[in-house]
Amino acid sequence: MAGIGRAAAGEAAKDIEASQPWYAKMFGDGNVVAGARAWEGATDANHMEASVMDRMKSLRELPPENAQAALLAIHKDMQSGDPVRDATQNAMWLKALPGVLKLHAKEHMAFQQEVAVEAQRKGIESGMGAFEARMTAGKGGFMSDEDADVNLSSLAQTLTVPKGVNPKLHNAQVVEGFANNIAAGKFQAYTTARTHGMLESIPKEQRRALDVLYDRTAQSKMAEKLPQGFMSTVMQVVQH
């Protein structure tokens with residue numbers, strides 16, 4: 001216990017060993033030195049576990065086999081070269097390892113879901129953007145009926161819930177995509193979807209919110225295009 005107490009107070013095991021009388025080393029480490037080394041090993045194991053937890057944000061991106069290799073590398077870096085100290089660290093780390101691997105599996109699954117959700121969001125954003133671009137290009141009458149049908153089908157596909165995807169999540173991302181487009185003054189994807197009944201799967205309150213956003217933004221954009229002083233002239237006419 002004396003060695004553990006001294007090591008806990010910050011004294012290094014090698015210094016404790018050096019302070020022992022010559023005869024204490026005749027039969028190997030005495031209890032004082034062994035206790036100090038065991039304490040250092042336990043401390044190493046705790047530091048290693050804390051280090052792994054700190055790195056979980058990056059480790060969670062690795063598949064299990066790569067994560068295990070990374071953990072082995074961290075473990076190797078933590079080895080002191082002192083057999084007693086390392087043996088204690090190894091024993092404690094082996095006890096903690098199953099829990100660490102279980103946590104990593106959970107975090108990695110969450111990471112994969114986040115990646116899938118982000119890819120889905122970008123897909124919706126890209127689909128709406130492509131529709132807007134094709135509609136803008138066809139404003140001059142260059143879009144054939146066949147092309148118009150293909151464009152409409154592509155928008156419908158963008159708004160359709162993919163197999164295996166949570167419908168609530170998909171609809172929320174669709175609403176977000178429309179809201180961003182509307183706020184940017186890009187109305188064609190939204191107005192086309194609304195006209196062709198493509199928004200029925202979206203909850204009514206969210207559809208109403210999009211309607212309000214569209215009406216206000218469209219009016220604002222229209223007002224920006226009016227000649228200066230136009231509204232004042234209109235008000236004067238109305239008042240008379």
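This is a predicted model: local features need pLDDT of at least 70, side-chain atom pairs count only at pLDDT 80 or more; totals for chains, interfaces and linings use all residues.
**Whole chain.** Start with everything shown as cartoon. Following the chain along its sequence, the pattern is α-α-α-α-α-α-α-α-α-α-α. Now colour by burial: of the 240 residues, 29% count as buried.

**Helices α6 and α8.** Next, select residues 83-137, which is α6, and residues 167-183, which is α8. Their axes are 10 Å apart, and the two helices pack at an angle of about 40°. That angle makes α6 oblique to α8. Turn the view to look across the pair and you'll see that the crossing is right-handed.

Now bring up side chains where the two meet. On the α6 side, show Val117, Gln120, Arg121, Ile124, Met128 and Glu132. On the α8 side, show Leu169, His170, Gln173, Val174, Glu176, Gly177, Phe178 and Asn181.

**From Phe178 to Tyr190.** Keep Phe178, one of the α8 residues meeting α6, and hide the rest. The model has three aromatic pairs. Phe178 and Tyr190 make an edge-to-face pair, with 5.6 Å from centre to centre and 70° between the planes. Here helix α8 supplies Phe178, while Tyr190 sits in helix α9 (residues 188-195), twelve residues away. Buried or exposed, these two? Both Phe178 and Tyr190 are buried.

**On to Phe187 and Tyr214.** Where do the partners sit? Phe187 is in the loop between α8 and α9, and Tyr214 is in helix α10 (residues 204-225), so the pair ties together parts 27 residues apart in sequence. Phe187 has a relative accessible area of 17%, which is under the 20% cut-off, so it counts as buried. Tyr214, at 17% relative accessibility, counts as buried as well.

**Last stop.** Show Phe178, Phe187, Tyr190 and Tyr214 together: they form one aromatic cluster. Bring α6 back into view, and Phe178 links your two stops, being part of the α6–α8 contact and of the cluster.

Conventions:
Residues are numbered from 1 along each chain as its sequence is written. Side-chain values use heavy atoms; hydrogens and water are left out. Axes are lines fitted to C-alpha atoms, for helices over the stretch in contact, and angles run from 0 to 180 degrees between N-to-C directions. Helices (H or I, at least four residues) and strands (E, at least two) are DSSP runs, numbered from the N terminus. Angles under 35 degrees count as roughly parallel, over 145 as roughly antiparallel, 65 to 115 as roughly perpendicular and the rest as oblique. A crossing is left-handed if the near helix is turned anticlockwise from the far one by less than a right angle, and right-handed if clockwise. Contact means heavy atoms within 4.5 Å. Rings of Phe, Tyr and Trp (its six-membered ring) pair if their centres lie within 6.5 Å; planes under 30 degrees apart count as stacked, over 60 as edge-to-face and the rest as tilted. Buried means under 20% relative accessible area, exposed over 50%, partly exposed in between (1.4 Å probe, protein chains only).
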